2 protein chains.
Amino acid sequence: MKHSTTEIGIVQTQFATVADELVLESGEKLGPVTLAYETYGELNAGKSNAVLICHALSGDAHVAGYHKGENKPGWWDDMVGHGKAFDTDKYYVICSNVLGGCKGSTGPGSVNPKTGQPYGLHFPLITIGDMVKAQQLLIKQLGIDKLCSVAGGSMGGMQALEWLRSAPDKLESAILIATAAMHSPQQIAFNEVGRQAIMADHYWHDGNYYEGRSPAKGLAVARMVGHITYMSETSMLDKFGRQQKNEKQPFKFTADFEVEGYLQNKGDSFVKRFDANSYLYITKAMDFFDLTEEKPLHEIFKGLDAKLLVIAFRSDWLYPVWQSQQIVKACKIAGLNATYCEIDSTYGHDAFLLEIEQEAHLVSHFLKRVSNGYDVTGEYAI
Amino acid sequence: MKHSTTEIGIVQTQFATVADELVLESGEKLGPVTLAYETYGELNAGKSNAVLICHALSGDAHVAGYHKGENKPGWWDDMVGHGKAFDTDKYYVICSNVLGGCKGSTGPGSVNPKTGQPYGLHFPLITIGDMVKAQQLLIKQLGIDKLCSVAGGSMGGMQALEWLRSAPDKLESAILIATAAMHSPQQIAFNEVGRQAIMADHYWHDGNYYEGRSPAKGLAVARMVGHITYMSETSMLDKFGRQQKNEKQPFKFTADFEVEGYLQNKGDSFVKRFDANSYLYITKAMDFFDLTEEKPLHEIFKGLDAKLLVIAFRSDWLYPVWQSQQIVKACKIAGLNATYCEIDSTYGHDAFLLEIEQEAHLVSHFLKRVSNGYDVTGEYAI
């Protein structure tokens, strides 16, 4: 374990049964519902310093610090800790694994109490709204009435948007990074390819694979597609070019180029930590998410008190800047207090995990102003 | 069969054994080598009006007209025929299925004369150079010493570039559409995902599937990925938006959105006409193609007599305009006679099959000038 004393150190995932039975958006009932979560820092006496971080498709509750015996910190450790953007000396940071996930929260791999077997495809379809509903129950259990902020990138940003829509009086602000108010057909298409790759796997067995071999090859292909969309053409050129791997193998369709090896490694390591059925359920929730389903974006934002920070990355072609601009435009029409920043990164969608310096500056400045009750309106490009 | 008398009408694929044994770039020997090809129009007395059209990854020799009993014309029928861009009243048009293909030319699905069984993975790795070498033998067999033009989009353009490199005295001109002098890591990455999807299929059996079930699901996933890259974000928005399919099915991970149904249909129809092993071999040939392997592009073009027409499409993100501009820039440095046109289409890479009107205008004008011996230099955006 390599971590300095300025970092969070060892953390432990906790578990909360947030509902004996949750009525889902579909009308179906699911229960009991457990959420895995982690917290960092201390809740202040006024209970006004809680920040909820929502994770993206493949994330989990372990956003920062180290699990005992592990060398790898949480997925956004650069952003969360003493003196960092989400400063745990000031804020009480909470992160929970989404409903439908596979890292401790109730999902398709959980045991169905009615059968004693894993749910598999008997797990009901869930929505981003359902994920947020479960989070709201958790936040209430933690004794918090109003969050200082809900923050997230990618699918995390969708959850933050859903908080704004469904419980606007429960948050002071939202930080939306590289996200969208709804998926475009291209985003749906990439998710669908991932799903088809999983379901094409011989070992998927209609989702009943928990006692045998898992659909690892299909899930690896899904992850490979994902990783292409997380990078940019430029970042791939910078990182790999046409560099070939040194070892020549007798097999004709081995990884000849560095980029192939990279994708294969990403696929292979993903299958060790993620459940294929969760991939199906979560991507479907993302695809069905449409904040404008009932009314236009600017009407949802109308009259809200919350302050918004919206960050997009110029080379992000999976969640292109126009999707963030669409959100900001609706804020302007609604008169909602919003800051928009476009960061000139080459990292593509991955930038939200990599462009730490600029992101940290924006987030810490924004949170400070939110805590102090200042206006945040402004627009700048970096 | 619905086709007017102004069209080519019924055509038949022909077959030529172009070599008893072909020495490949790798040094391996392959034989006999058969190419499937079609011709349209008449070779003139001076044998100076022959145009070779090279197909893309999933194409074949059937570029125009109808096969007996079929309703669907060849893959570029809009461009080839009486009075069309490749005017069969003026030009003798030839198109052959590539070496490694599955539509009549020798490929991994062909019978290995040494074993009496399909080659499968015993088929040697082939290159774009090998494909072109086989084409050159075919052209010679047809009694043609010098082609008026070699034309192609995507991988077809790579073959035209390879003609320029390996046999510059054998062609008067080349038409390069939506192509590249080498694949970028992003292009390699998308091909690799397709290959991994095929090889992940339980029925692939290391390429030995010709007597049983084929790896149809894997090949369908590969094709789905392909189709996303052939369209643009805009064309997907225009064509599908977030339109949902009407029929609600009990299965949770059915195609809910139009775009999902479209991709699934494309995948399903592709597996009926294409061989998974050919997909592996041809994509590998594309990825390894690098015109600049021995010397810079402008040195390859130096001193060449051929005239070039280079066409790119602004929304094509699979073969982005910078790759065409790179070719044109090298032409300028080398003093090679080249016209560059950027068409402002929203169709993405598919534009080369869809933007017929503008493409036809450019091609017919170019071929006329080539036939008349005029200069063609110029640059315009449409």
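A:Met199 is partly exposed, because 19 other C-beta atoms lie within 10 Å, where a residue counts as buried with 20 or more other C-beta atoms within 10 Å of its own, as exposed with 12 or fewer, and as partly exposed in between, the C-beta atoms being placed from the backbone. This residue is found in helix H3 (residues 185–200) of chain A; helices (H or I, at least four residues) and strands (E, at least two) are DSSP runs, numbered from the N terminus. Leaving aside residues up to four places away in sequence, A:Met199 touches A:Trp204 and B:Phe253, a contact being defined by C-beta atoms, placed from the backbone, that lie within 7 Å. A:Met199 and A:Gly218 are 19 residues apart in sequence, and their C-alpha atoms are 7.2 Å apart in space.

The structure is a predicted model, in which local features need pLDDT of at least 70 and side-chain atom pairs count only at pLDDT 80 or more, while totals for chains, interfaces and linings use all residues. Residues are numbered from 1 along each chain as its sequence is written, and chains are lettered from A and ligands numbered from 1 in the order in which they are written. The model scores ipTM 0.95 and pTM 0.96. Chain A averages a pLDDT of 95, and 95% of the residues score at least 70, pLDDT being the predictor's confidence in each residue, from 0 to 100. Over residues 1–5 of chain A, however, pLDDT stays under 50, and the model has 6 contacts for them beyond four places in sequence.

The contact between the chains takes 40 residues from chain B and 40 residues from chain A. On the side of chain B that touches chain A, at least two residues each come from helix H3 (185–200), helix H4 (216–230), helix H5 (233–239), helix H6 (258–273) and helix H7 (276–288) of chain B, and H3(B) gives the most, with 12 residues. By class, this side of chain B has 23 nonpolar, 6 polar and 11 charged residues, where Ala, Val, Leu, Ile, Met, Phe, Trp, Tyr, Cys and Pro count as nonpolar, Asp, Glu, Lys and Arg as charged, and the others, Gly among them, as polar.

Within one chain, the assignment, which is automatic or from a database, divides chain A into domain 1 (14–182 + 290–381) and domain 2 (187–286). The C-alpha centres of these two domains of chain A lie 25 Å apart, and 28 residues of domain 1 are in contact with 22 residues of domain 2. Helix H1 (128–141) and helix H2 (155–166) of chain A each supply at least two residues of the side of domain 1 that touches domain 2.

Strand S11 (residues 149–153) of chain A is largely enclosed by the rest of the structure, because 5 of its 5 residues are buried. Both of its faces are covered, with A:Ser149, A:Ala151 and A:Gly153 buried on one side and A:Val150 and A:Gly152 buried on the other. Strand S5 (residues 50–54) of chain A pairs with S11(A) in the parallel sense over 4 bridges, pairing being assigned if DSSP finds at least two bridges between two strands. A:Gly152 in S11(A) is the bridge partner of A:Cys54. S11(A) is also joined by 4 bridges to strand S12 (residues 173–177) of chain A, and these strands run parallel; A:Ile177 in S12(A) is the bridge partner of A:Gly153.

Terms used
Two residues are in contact if their C-beta atoms, placed from the backbone, lie within 7 Å.
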